[in-house]
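Got the sequence and the 3D view open? Let's walk through it together, one question at a time.

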Amino acid sequence: MKLQSTLFIICIFILFVSGFSQNYVDLAKVSHTQIPNAGFENSDALSTPITQSKILTSIPIKISDSLAFLTGVDYELHNLKLFPISDPVNLSVITAKLGFNFKHNSRLSATYLLLPKLATDFGHLKSSFQIGAITLFKYKLNDQTKLVFGDYVNKEFFGILNVPILGVYHKSKNKKTEIDIKFPIIGYGDYKIHKNLRIGADFLMIVRTFDLAKTDVNDFYVHAASNEVAAYLQFDLFKESLVIKAKAVYSMFDYGVYGDNDGTPFGMLGWYPGDERIRLNSEYEGTLGFKVSAIYRFQLD
């Protein structure tokens with residue numbers, strides 16, 4: 001993987017973001033990322049467009065004042081060339097979210113989620129199943145600030161991936177400044193410059209592994225790192241129930257191809273001890289692109 005990628009930490013899929021940290025619940029999110037021209041290292045004249053399209057849904061069902069059942073389904077599609085001279089491939093992930101949020105006391109709450117998924121080019125599904133789980137605790141310091149800590153584990157195609165999580169959520173008393181960080185996975189900070197307009201920056205660090213199952217590539221898998229930083233404009237519409245973001249993105253996307261039996265026993269924080277895998281394709285160069293997203297948000301107050 002690229003040195004710059006490992007400096008950031010490559011991990012997991014986007015956290016299930018429920019309103020238990022904030023005063024809202026994001027019920028659905030649609031996003032599309034377009035990288036027009038991602039170059040291959042050591043191949044100056046060759047490049048590939050990369051697209052990532054995602055639909056994320058979250059459904060919290062209140063059982064009692066202290067307990068809520070959490071569910072939802074996420075889907076994402078990656079389209080790109082894996083080799084400088086090859087046809088583009090479609091890599092898909094379908095993830096189910098099953099768990100609950102429990103309010104332990106007035107300050108401490110926790111989210112527990114099971115995350116089964118299929119990650120493949122859909123040549124067949126026999127070897128594409130993965131299973132993961134996340135535990136996320138939130139501790140309320142005051143009405144404006146909450147601490148976040150937890151852990152994520154997933155059985156990837158290269159081995160076990162483990163990611164400790166540490167973060168903070170803060171919203172100023174005047175509600176103009178908002179910060180939400182779950183390091184090393186996702187985070188943003190923005191400032192309201194008009195009634196319906198915010199300006200901000202964010203980062204996203206995700207690891208995916210996809211089983212390549214079609215006839216000509218069925219002995220391989222893809223280890224993808226979708227790392228990005230972005231600046232954005234956010235439009236809050238219909239009393240902030242619809243949120244539109246337009247982003248300028250610097251992508252550090254990388255999609256390494258490895259043999260099915262080429263793995264490493266453990267990965268954490270971008271560190272893969274004993275990793276002697278042989279990469280079969282070129283690394284990708286960082287480049288600029290754009291991203292748009294729409295969020296349907298249910299306000300709790």
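Here come some questions and answers about this predicted model.

Q: What share of the residues of the protein chain counts as buried?
A: A residue is called buried when its relative accessible area is under 20%. Apply that to the 301 residues of the protein chain, and the buried share is 49%.

Q: How many aromatic pairs are there, and is the one between Phe100 and Tyr112 stacked, tilted or edge-to-face?
A: Ring centres have to lie within 6.5 Å to pair, and the count comes to eight aromatic pairs. For Phe100 and Tyr112 the centres are 5.2 Å apart, with 40 degrees between the planes. Stacked needs under 30 degrees and edge-to-face needs over 60, so this pair is tilted.

Q: How far apart in sequence are the parts that Phe100 and Tyr112 tie together?
A: Phe100 lies in strand β5 (residues 89-103), while Tyr112 lies in strand β6 (residues 108-120). Phe100 is partly exposed at 36% relative accessible area, and Tyr112 is partly exposed at 24%. Their pair ties together parts whose separation in sequence is twelve residues.

Q: Why is the pair of Tyr255 and Tyr284 called edge-to-face?
A: The ring centres of Tyr255 and Tyr284 are 5.9 Å apart. Planes over 60 degrees apart count as edge-to-face. This pair gets the label because its planes are at 70 degrees.

Q: Where do Tyr255 and Tyr284 lie, and how far apart in sequence are the parts they tie together?
A: Tyr255 lies in strand β15 (residues 254-259), and Tyr284 is in the loop between β16 (266-268) and β17 (287-299). Tyr255 is buried at 0% relative accessibility, and Tyr284 is buried with a relative accessible area of 0%. The parts tied together by this pair are apart in sequence by 29 residues.

Q: Which residues do ring pairs link into a cluster?
A: Phe100 and Tyr112 form an aromatic pair, and they belong to a cluster.

Q: Which residue has its charged end over the ring of Tyr258?
A: For a charge to sit over a ring, it has to be within 6 Å of the ring centre. At Tyr258, the distance from the ring centre is 4.3 Å. The residue with its charged end there is Arg277.

Q: Which side chain of opposite charge is nearest to Glu178, and how far away is it?
A: Glu178 is found in strand β10 (residues 177-183) and is buried. Its side chain does join that of Tyr188 in a polar contact of 3.4 Å. A salt bridge needs a distance within 4 Å, and Glu178 has none, because the nearest side chain of opposite charge is Lys171, at 4.6 Å.

Q: Is the peptide bond from Phe183 to Pro184 cis or trans?
A: Pro184 is found in the loop between β10 and β11 (186-194). Omega for the bond from Phe183 is near 15 degrees, and the bond is cis.

Q: Is Asn42 buried or exposed?
A: Asn42 is found in the loop between β1 (24-40) and β2 (43-57). Its phi is positive, about 65 degrees, although Asn42 is not a glycine. Exposed means over 50%, so at 81% relative accessibility Asn42 counts as exposed.

Q: Which side chain does Ser226 join in a polar contact of 2.9 Å?
A: Ser226 is found in strand β13 (residues 220-237). At 3% relative accessibility, Ser226 counts as buried. Its partner in the 2.9 Å polar contact is the side chain of Gln52.

Notes:
Residues are numbered from 1 along each chain as its sequence is written. This is a predicted model: local features need pLDDT of at least 70, side-chain atom pairs count only at pLDDT 80 or more; totals for chains, interfaces and linings use all residues. Side-chain values use heavy atoms; hydrogens and water are left out. Rings of Phe, Tyr and Trp (its six-membered ring) pair if their centres lie within 6.5 Å; planes under 30 degrees apart count as stacked, over 60 as edge-to-face and the rest as tilted. Helices (H or I, at least four residues) and strands (E, at least two) are DSSP runs, numbered from the N terminus. Buried means under 20% relative accessible area, exposed over 50%, partly exposed in between (1.4 Å probe, protein chains only). A charge sits over a ring if NZ of Lys or CZ of Arg is within 6 Å of the ring centre and within 35 degrees of the ring normal. Lys and Arg count as positive and Asp and Glu as negative; His and the chain ends are not counted. A polar contact is a pair of N or O atoms within 3.5 Å; within protein, one must be able to donate a hydrogen and the other to accept it, and residues adjacent in sequence count only if both atoms are side-chain atoms.
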